[in-house]
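Here are my notes for your review. Please read them with the model open beside you.

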Amino acid sequence: MSIKHLTGLAVTAALLSAQAQAKTEVEWWHAMGGALGKKVNEIAADFNASQDDYEIKPVYKGSYAETMTGAIAAFRAKEQPAIVQVFEVGTATMMGAKQAIYPVYQLMEDTKEPFDPDNYLSAVTGYYTTSEGQMLSMPFNSSTPVLYYNKAMFEKAGITEAPKTWQEMETVSRKLIESGAKCGFSTTWQSWTQIENFGARNNVPVANNSNGFDGLDTQFKFNESAFVKHIEKMGEWSKEGIFKYGGRQSDGMPLFYTQECAMTMGSSAGLAGIKENMKGIDVGVAQLPYDAELVDKPQNTIIGGASLWVLRGHSDEEYKGVAKFFSYLSSPEVQADWHQFTGYLPITKAAYELTKSQGFYEANPGTDTAVVQMTSVEPTVNSKGIRFGNFLQTRDIINEELEAVWSGKATAKTALNNAVSRGDEQLRRFERTQK
């Protein structure tokens, strides 16, 4: 090979290298491990390949709590990423850090990136929106609780459809036990499913101040009669074996996987785990039950999962990259693919319509249950979401107090009174940090 040719190759390589270096890097900290982490890397790589100006660099930072704590520490050390994924219970904490966050609606406006909040599902964005309707963070992986049921166990008991109300949950559970099932139902994430979403579904407030949306001087109300009756009933069912508690977060799923319990309540994003652990078993997906004594028609459920927050302290060029990436992430194709792969909700109406037109819901019955449950009614002040400071700690308190009911050590009234008074202390602690 001639010297001239080698020089030409060197110049080309140098030009390509300079071009690659010219890409503005944008760091994105996230909490998605395993298959979800691979998918996140794939989304970033596809975006990076789609244009020549920006490079999104996803960095896995451990659990949701670890990712959020790490980002706060990094901000203090002036080493923060441009984007951080924060779980929904951290929303009030992020909002409280006004100096640290760059609200998404502001970012899109400042970078002149086309952005219409009306394109997004209001039941999803409501959680991350101010009372003036301004979107603070970009929804990413949003889930909502649904009811999973074992179709073969239902058939054996002569049950033809999933229970819609809590009253039917009892009747169906008794039939299942009569037909040989060890337990009627279990639940995961009990604060989320049995307190937060029980309130939303039945249009009763979990707290005053529009469930915390309207200010810091909020007080919890989940020790009022609707909640007390519900937890009291579950305590009775726990004694009878109709309801079986399997532990915090998703620890109760094995009770359903092993077919000990015929039903469970869990995240819509849990479908992948069910398919993995229950190969060959036909599982149905139904909406979360509501209390027929409280409402004739149920409200939407509220979300779990996480959203993407933008942190201050970066260059204008990086923020342009963040805005472009958010537009890419919200595109129907990317959202539909993420929704179909993970079981998380599509965050836009267009992604839902695209998934429908691709025949995905027809081929995978039940995968649209969560979307229908969240979008069939207009959210009320009680079903828009919750916004409480230090709510991670309050969820632990709720878990502890509910466990005392399930084990027969406390009445529902005592446990919920304790949880409210201890939870209110957490709210006051958070309030002091905001002054």
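1. Start with Thr-394, which sits in helix α19. Bear in mind that this is a predicted model. Is Thr-394 buried or exposed? Thr-394 has a relative accessible area of 0%. Buried means under 20%, so Thr-394 counts as buried.

2. Next, the contacts of that side of the helix. Which residues does Thr-394 touch, leaving aside those up to four places away in sequence? They are Phe-220, Gly-423 and Gln-426. Gly-423 and Gln-426 are among the buried residues of α20. Helix α19 spans residues 391–406, and the buried residues of α20 pack against this helix.

3. Where do the buried residues of α20 lie? The buried residues are Ala-412, Ala-415, Leu-416, Ala-419, Val-420, Gly-423, Asp-424, Gln-426, Leu-427, Phe-430 and Glu-431. They are on the same side of α20, because they cover an arc of only 165 degrees around the axis. Note that Asp-424 and Glu-431 are on this buried list. The face turned away from the buried side carries the exposed residues Glu-425 and Arg-432.

4. The partners of α20 come from several parts of the chain. Besides α19, the buried residues of α20 pack against α4 (91–96), α9 (190–201) and α11 (225–240).

5. The largest pocket has a volume of about 1000 Å³. Of its 35 lining residues, Tyr-64, Trp-189, Ser-250, Ser-267 and Tyr-344 are the closest to its centre. Helix α19 gives the largest share of this lining, four residues. By class, the lining has 17 nonpolar, 14 polar and four charged residues.

6. The second largest pocket has a volume of about 650 Å³. It is lined by 26 residues. Met-68, Ile-72, Arg-76, Thr-93 and Ala-97 lie nearest its centre. Two or more lining residues come from each of α3 (64–76), α4, α19 and α20. The largest share, eight residues, is from α3. The lining divides into 15 nonpolar, nine polar and two charged residues.

7. One link to check on screen. Helix α19 holds Thr-394, packs with the buried residues of α20, and contributes to the lining of the largest pocket and of the second largest pocket.

Conventions. Residues numbered from 1 in each chain as written. Predicted model: local features only at pLDDT ≥ 70, side-chain atom pairs only at ≥ 80, totals over all residues. Heavy atoms only, no water. Buried < 20%, exposed > 50% of the residue type's maximum accessible area, 1.4 Å probe, protein only. Arc of directions from axis to C-beta. Contact = heavy atoms within 4.5 Å. 1 Å grid on protein atoms, 1.4 Å probe; cavity = no way out; pocket = protein on both sides within 12 Å on 5 of 7 lines; lining within 4 Å. Points joined across faces, edges and corners; volume = space filled by probe spheres on them. Nonpolar A, V, L, I, M, F, W, Y, C, P; charged D, E, K, R; others polar.
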